[in-house]
Amino acid sequence: MRVPPRAVRRLVIDPVFVPAAVAGTALGAAVAVLGLIGAPLDRRLRLSRIAALAATYLAVEAVVIIAGFGLWLVRPLLRMRWERAHLALLRGMLGLVMAAARRLMSFRLTVHEPPPGVPGCVGRPVLVASRHAGVGDSFVLVDLVLNRYQRIPRVVLLASLQLDPAIDILLGRLGACFLRTDGADATAVARVNELAARLTDRDALVIFPEGANFTARRRQRVITGLRRRGQRAHARIAEDLTHVLPPRPAGVLAALDAGTVTGTVVVAHTGLDSLVTPGLVWQALPLREPMEVRWWWIPAGELPAVGTERTDWLTMQWAVVDAWIDAHRPAGPVSPAGPQPSQA
């Protein structure tokens with residue numbers, strides 16, 4: 001999908017989006033109230049939950065667009081505080097969205113960190129390579145990077161996400177790298193390398209090596225495509241990975257080749273990965289299982305040399321991620337939270 005130029009997004013799409021978002025917020029609030037009236041038919045209040053969350057997100061979008069325009073007007077006065085102001089705005093946006101998800105969807109998060117005493121990455125630029133699966137996982141990851149670990153997220157993400165004004169404004173002004181995945185962007189690798197080369201000690205370069213949200217259907221398409229192109233060895237690797245897509249190494253290798261990151265954080269997660277269609281989301285609400293996140297820290301000194309060895313290393317890390325997901329995901333399909341038995 002071709003994204004309109006920045007001037008069109010700022011001068012046309014954003015001004016039109018604000019009243020549309022306000023109207024959507026009002027509509028979502030009204031639907032949420034109607035859902036409460038229909039509680040006898042839907043005791044889990046799924047319609048109200050979804051409508052209220054959508055209304056919250058649209059309201060946040062409108063605020064970000066207006067605030068972003070205001071910051072642009074006073075940019076000459078902000079100078080060094082320009083980035084700090086956008087970080088505060090991003091932190092507020094994520095805080096509201098995550099709070100709404102906890103309140104409305106019963107979203108819970110469990111983070112499994114390396115044991116105490118493992119050499120960390122404090123005060124040094126890092127690369128964060130995460131699996132990508134389920135609804136909202138990228139929001140959770142950026143929130144963790146920014147609010148839990150106090151890092152500035154420099155994100156590599158799909159160019160089509162620039163159609164979301166809040167993402168476009170906030171992450172774009174914080175140095176995000178928006179890439180097309182259809183092979184039409186010949187500068188993609190160079191731009192990731194340039195982004196990594198600019199990292200400071202407060203930064204984390206966040207990348208999703210799979211290039212797309214995991215689904216079983218997309219996994220099968222990848223395997224079929226590899227076999228059609230005669231890449232049988234890669235197809236066998238993809239078949240062995242049952243919960244993730246085979247990683248695309250170009251972006252990770254470009255970031256590592258910049259020589260600025262002092263280590264890589266590999267992130268696995270499960271809990272949201274089965275929510276891949278609106279119907280599955282509807283059935284799962286309110287969420288019963290928490291989202292579990294596990295990450296590993298690999299110092300730069302433990303990375304193999306450049307070239308094929310690093311590609312093999314990344315594939316091995318994704319095999320570890322796949323195995324961890326297999327051991328920690330819910331045993332059966334996502335089950336909605338029903339009435340709980342009373343305690344004696």
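How far apart are the end C-alpha atoms of helix 12 (residues 308–328)? To find out, select helix 12 in this predicted model and compare the span with what its length leads one to expect: at 1.5 Å a residue, its 21 residues should span 30 Å, and the end C-alpha atoms are 31 Å apart, which agrees.

Keep helix 12 selected and show its side chains, among which Arg310, Trp313, Leu314, Gln317, Trp318, Val321, Asp322, Trp324 and Ile325 belong to buried residues.

Select Leu285 together with Pro286 and look at the bond between them, which is a cis peptide bond with an omega of about -15°. Most peptide bonds are trans, and most residues other than glycine have a negative phi.

The next two stops concern phi. Go to Leu45, in the loop between helix 1 (6–37) and helix 2 (46–73), where phi is near 55°, a positive value in a residue other than glycine. With a relative accessibility of 23%, Leu45 counts as partly exposed.

Finally, select Ser106, which lies in the loop between helix 4 (82–105) and strand 1 (109–112); although Ser106 is not a glycine, its phi is positive, at about 60°. Is Ser106 buried or partly exposed? Its relative accessible area is 28%, so Ser106 is partly exposed.

Terms used:
Residues are numbered from 1 along each chain as its sequence is written. This is a predicted model: local features need pLDDT of at least 70, side-chain atom pairs count only at pLDDT 80 or more; totals for chains, interfaces and linings use all residues. Side-chain values use heavy atoms; hydrogens and water are left out. Helices (H or I, at least four residues) and strands (E, at least two) are DSSP runs, numbered from the N terminus. Buried means under 20% relative accessible area, exposed over 50%, partly exposed in between (1.4 Å probe, protein chains only). The expected span of a helix is 1.5 Å times one less than its number of residues.
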